[in-house]
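Here are some short notes to read beside the model. Please keep the 3D view open and find each residue as it comes up.

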Amino acid sequence: EERQAHFLYKECIIYTQTIVMILTKEERQAHFHWASTNKQQPCFCNPVIDLDVIKLTPSPLVIAAIFGVKKPETITIHEKDSGKLVPLPTNGGGPTAWPVEPQKDYEVCVSSENDDNEEEVVPINQIFPLFPGNDDDEKSSRIQNLSENFYAKLWDDPDTPQGLRDTFVSRTSSSRIQAFRQYDWFHETFGGPSYMNNLEREKQLMPKVMAKHTASRMTKEYGVAWLNIMKKALEEEFPEEQKLKDALALYWLHFYAFFPYNDDDHKEFRDICLS
């Protein structure tokens with residue numbers, strides 16, 4: 001039975017890879033529209049997310065990560081045209097996902113059962129004002145400090161996997177140069193002063209950053225290490241700014257949701273970010 005299961009698993013991998021090669025990116029995407037009216041859960045990101053549902057599994061953990069939902073169990077998915085609920089199959093306690101179809105539109109809703117005492121979720125493009133500082137220059141400086149702290153740790157911490165360090169060292173010999181690149185990304189993504197409007201940021205920044213994060217750089221081991229290093233840097237730079245750290249934690253999960261991790265990986269990421 002074990003050999004048969006392994007064979008079926010390999011067959012599924014081959015089948016998925018074949019489908020990915022045959023279909024275009026647009027043909028593999030389902031379109032998820034944010035439709036929740038929960039006051040504690042405003043739209044966290046772009047209100048329409050085009051998700052490759054052939055490469056990525058639309059599980060509650062993945063959809064929650066994309067839309068910044070702290071409690072995956074409060075999410076429901078509906079067909080956009082008919083309003084019909086898309087049932088979430090049960091799998092004996094194992095991983096499960098909504099049976100959505102490529103090239104179809106769905107609405108994402110969050111129930112109003114969330115704790116009223118919970119902090120309202122901060123949208124990605126409104127995180128910048130949470131950084132401490134009396135003006136935009138001071139806030140920008142604090143982001144720069146965070147990135148420099150993070151890369152100093154990545155460069156020097158003996159617990160950093162050598163392969164993760166090498167992926168950055170191969171691009172530049174200076175941690176400060178790499179820190180500036182990260183700072184520039186954070187500054188734009190989190191809503192800092194920019195020549196781009198919010199729609200332009202969403203259309204340009206994410207694809208640009210995703211293209212730089214290849215599969216070899218986004219292994220589960222490296223993903224866990226990155227989160228742990230960033231968590232240390234955040235605690236040192238912003239020990240009292242819990243709302244800021246909560247907002248950034250949801251953003252890290254959002255970013256990781258667009259890579260083909262399994263549900264066990266996403267659970268570990270959530271444990272690191274939200275604990």
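**Notes on the cavities, fold and aromatic pairs**

1. Start with the largest cavity. Its lining consists of Lys70, Glu119, Glu120, Val121, Val122, Lys243, Asp246, Ala247 and Leu250. Lining residues have an atom within 4 Å of a cavity point; a cavity is a set of points, on a 1 Å grid over the protein atoms alone, where a 1.4 Å probe fits but cannot get out.

2. A word on the source. This is a predicted model: local features need pLDDT of at least 70, side-chain atom pairs count only at pLDDT 80 or more, and totals for chains, interfaces and linings use all residues. Residues are numbered from 1 along each chain as its sequence is written, and side-chain values use heavy atoms, with hydrogens and water left out.

3. Which classes line the largest cavity? Four lining residues are nonpolar, five are charged and none is polar. Here Ala, Val, Leu, Ile, Met, Phe, Trp, Tyr, Cys and Pro count as nonpolar, Asp, Glu, Lys and Arg as charged, and the others, Gly among them, as polar.

4. How much space does the largest cavity hold? About 60 Å³. The structure has two cavities of 30 Å³ or more. A volume is the space filled by probe spheres set on the grid points, which are joined across faces, edges and corners.

5. Now the fold. The protein has nine helices and five strands. From the N terminus, the order is α-β-β-α-β-β-β-α-α-α-α-α-α-α. Helices (H or I, at least four residues) and strands (E, at least two) are DSSP runs, numbered from the N terminus.

6. Of the 275 residues, 46% count as buried. Buried means under 20% relative accessible area, exposed over 50%, and partly exposed in between (1.4 Å probe, protein chains only).

7. Look next at the rings. The structure holds 20 aromatic pairs. Rings of Phe, Tyr and Trp (its six-membered ring) pair if their centres lie within 6.5 Å; planes under 30 degrees apart are stacked, over 60 edge-to-face, and the rest tilted. Trp226 and Trp252 have ring centres 5.2 Å apart and planes at 75 degrees, so they are edge-to-face. This pair links distant parts of the chain: Trp226 sits in helix α7 (residues 220-237) and Trp252 in helix α8 (residues 242-256), 26 residues apart. Trp226 is buried at 12% relative accessible area, and Trp252 is buried at 6%.

8. Tyr261 and Phe269 make another pair. Their ring centres are 4.8 Å apart and their planes lie at 80 degrees, so this pair is edge-to-face. Buried or exposed? Tyr261 is buried, at 11% relative accessibility. Phe269 is buried too, at 0%.

Technical notes
On a 1 Å grid over the protein atoms alone, a cavity is a set of points where a 1.4 Å probe fits but cannot get out, and a pocket is an open set with protein on both sides within 12 Å along at least five of seven lines; lining residues have an atom within 4 Å of a point.
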